[in-house]
Amino acid sequence: MDFIGIDYGSKSVGLSWGSDDLQIAVPLKSLSLEPIDQFFAQLKQIVFEKGCQGFVIGFPLHLDGTIGKRAQEVNVFAE
C-alpha cells in the first residue's frame, strides 16, 4: 500500500509519500491551509496522482504522553 503522510501545522501541512512495498518515505511538499477548499483540492490531486490508499497523520504528544492543544487540533483536522 501507498500512503500520504501528513504533518499538521496551524498554517500549513507538510506532506510525504510512503510505500509498504519499498519501505521508504519521501517528502513531497507543504500546502497552505488557507483557503481550506483549495488545500483539500490540492490534497485530492496529490492522492490521485500517487494512487494512495491511506493517510498517516502525525500525532504530537507531550513528552509524558499526554495530549496537548496541537494534538487536539490534529484530531479535529483528521475528522
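How many salt bridges does a search of the whole structure find?

A: The model is a predicted one. A search of the whole structure finds 1 salt bridge. R70 and E73 form that salt bridge, with 2.8 Å between the closest N and O atoms. Both residues belong to helix α2, where they are 3 residues apart, about one turn of the helix. R70 counts as partly exposed because its relative accessibility is 34%. E73, at 23% relative accessibility, also counts as partly exposed; the cut-off for buried is under 20%.

Helix α1 spans residues 36-50, which makes 15 residues. From its first C-alpha to its last it reaches 21 Å, close to the 21 Å expected at 1.5 Å a residue. Its buried residues are F39, L43 and I46. These lie on the same side of α1, because they cover an arc of only 60 degrees around the axis. The other side of the helix holds exposed residues, namely D37, K44, F48 and E49. After α1 comes G51, which has a positive phi, near 65 degrees.

The strands belong to an open sheet of 4 strands, in the order β3-β2-β1-β4, with mixed pairing. At the edges are β3 and β4, each of which pairs on one side only. From one strand to the next, the twist averages 25 degrees.

Within this sheet, β1 and β4 run parallel and are joined by 4 bridges. I4 stands opposite F55, a residue of β4. Helix α1 lies across β1, β2, β3 and β4, and runs at about 155 degrees to β3. Helix α2 also packs on the sheet, where it touches β1, β2 and β4. The direction of α2 makes about 135 degrees with that of β1.

Technical notes:
Residues are numbered from 1 along each chain as its sequence is written. This is a predicted model: local features need pLDDT of at least 70, side-chain atom pairs count only at pLDDT 80 or more; totals for chains, interfaces and linings use all residues. Side-chain values use heavy atoms; hydrogens and water are left out. Helices (H or I, at least four residues) and strands (E, at least two) are DSSP runs, numbered from the N terminus. The expected span of a helix is 1.5 Å times one less than its number of residues. Buried means under 20% relative accessible area, exposed over 50%, partly exposed in between (1.4 Å probe, protein chains only). The arc is that of the directions from the helix axis to the C-beta atoms. A salt bridge is a side-chain nitrogen of Lys or Arg within 4 Å of a carboxyl oxygen of Asp or Glu. Two strands pair if DSSP finds at least two bridges between them. Axes are lines fitted to C-alpha atoms, for helices over the stretch in contact, and angles run from 0 to 180 degrees between N-to-C directions. Contact means heavy atoms within 4.5 Å.
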